[in-house]
Amino acid sequence: VFTSLTQILFIIFIITSIFVIILRHEFIIQIIWRLKNYLPNSILFIGRKYQLTKKNTIQSFKEIKEYFTNKRMLLVIFPYILLQNLLIPVVLKFTAATLNIDMSYRTAYLVYFISVTVGKLSGFPGGIGSTDLTMAGLLFFFNMNSLQIAGIIALFRLITLLPAIII
């Protein structure tokens, strides 16, 4: 029970932090741009390459803020996101079951949520690579061997990405 409560509190903390960052973006961007001179040259090079300026960074955050404050859009999207976040771990659980691996829904949800979050943060389309490696590491943590891990990830990716590829 304590572990579940800790996980829920951690997720609430992350979501609250994201909302604070989005809603108070001007203040946070000011701090980040002041620290720009202390960043490594490789990061500054990427910023120049993609023409990241203070102006277009603020504009991007304003657009994100508009999405999060548009109540009608949130009401339309929320049921879909909730359903997706609750059902895709079931797919992972059943994928493991087809390989005779018993995985609880809680474990499947944790593995899915963390690996997809890392995949989205990576910026790669579909989180390809980073999602898979994170999922492999988490499954390894849950005492699965490399053959089981490879099977689960390959089958899960096929099942979850096939509709997007077909469309």
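Analyst: Contact here means heavy atoms within 4.5 Å. We're reading a predicted model, where local features need pLDDT of at least 70, side-chain atom pairs count only at pLDDT 80 or more, and totals for chains, interfaces and linings use all residues. Residues are numbered from 1 along each chain as its sequence is written, and side-chain values use heavy atoms, with hydrogens and water left out.

User: How many helices and strands does the protein have?

Analyst: Helices (H or I, at least four residues) and strands (E, at least two) are DSSP runs, numbered from the N terminus. This protein has eight helices and zero strands, so the pattern along the sequence reads α-α-α-α-α-α-α-α. Its C-alpha atoms fill a box of roughly 55 × 40 × 40 Å along the principal axes. Of the contacts with a separation of 6 or more, 58% are between residues 24 or more positions apart.

User: Where does the kink in α8 lie?

Analyst: For a bend, compare axes fitted to the seven residues ending at a residue and the seven starting there; the bend is the angle between them. In α8 you get a kink of about 35° at Thr-160, shortly before the proline Pro-163.

User: And what happens at the start of α8?

Analyst: Look for a polar contact, a pair of N or O atoms within 3.5 Å; within protein, one must be able to donate a hydrogen and the other to accept it, and residues adjacent in sequence count only if both atoms are side-chain atoms. Here a side-chain oxygen of Asn-145 comes within 3.1 Å of the backbone nitrogen of Leu-147.

User: Which residues of α8 are buried?

Analyst: Buried means under 20% relative accessible area, exposed over 50%, and partly exposed in between (1.4 Å probe, protein chains only). In α8 that gives Ile-149, Ile-152, Ile-153, Phe-156 and Arg-157. An α-helix has 3.6 residues a turn, so residues three or four places apart point the same way. The cover over the buried residues of α8 includes α5 (71–98), α6 (105–122) and α7 (130–141). For the whole protein, 22% of the 167 residues are buried.

User: Which residue forms a salt bridge with Arg-157?

Analyst: Side chains of opposite charge can pair when their charged atoms come close. The rule for a salt bridge is a side-chain nitrogen of Lys or Arg within 4 Å of a carboxyl oxygen of Asp or Glu. Arg-157 pairs with Asp-132, with the closest N and O atoms 2.7 Å apart. Arg-157 belongs to helix α8 and Asp-132 to helix α7, so the pair ties together parts 25 residues apart in sequence. Arg-157 counts as buried at 13% relative accessibility, and Asp-132 does at 18%.

User: How many aromatic pairs does the structure hold?

Analyst: Rings of Phe, Tyr and Trp (its six-membered ring) pair if their centres lie within 6.5 Å; planes under 30 degrees apart are stacked, over 60 edge-to-face, and the rest tilted. There are four pairs. One of them, Tyr-105 with Tyr-109, is tilted, at 6.1 Å centre to centre and 35° between the planes. Those two are four residues apart in helix α6, about one helical turn. Tyr-105 is partly exposed at 32%, as is Tyr-109 at 23%. The rings of Tyr-112 and Phe-156 have centres 6.4 Å apart and planes at 75°, so that pair is edge-to-face. It links Tyr-112 in helix α6 to Phe-156 in helix α8, 44 residues apart. Both Tyr-112 and Phe-156 are buried.
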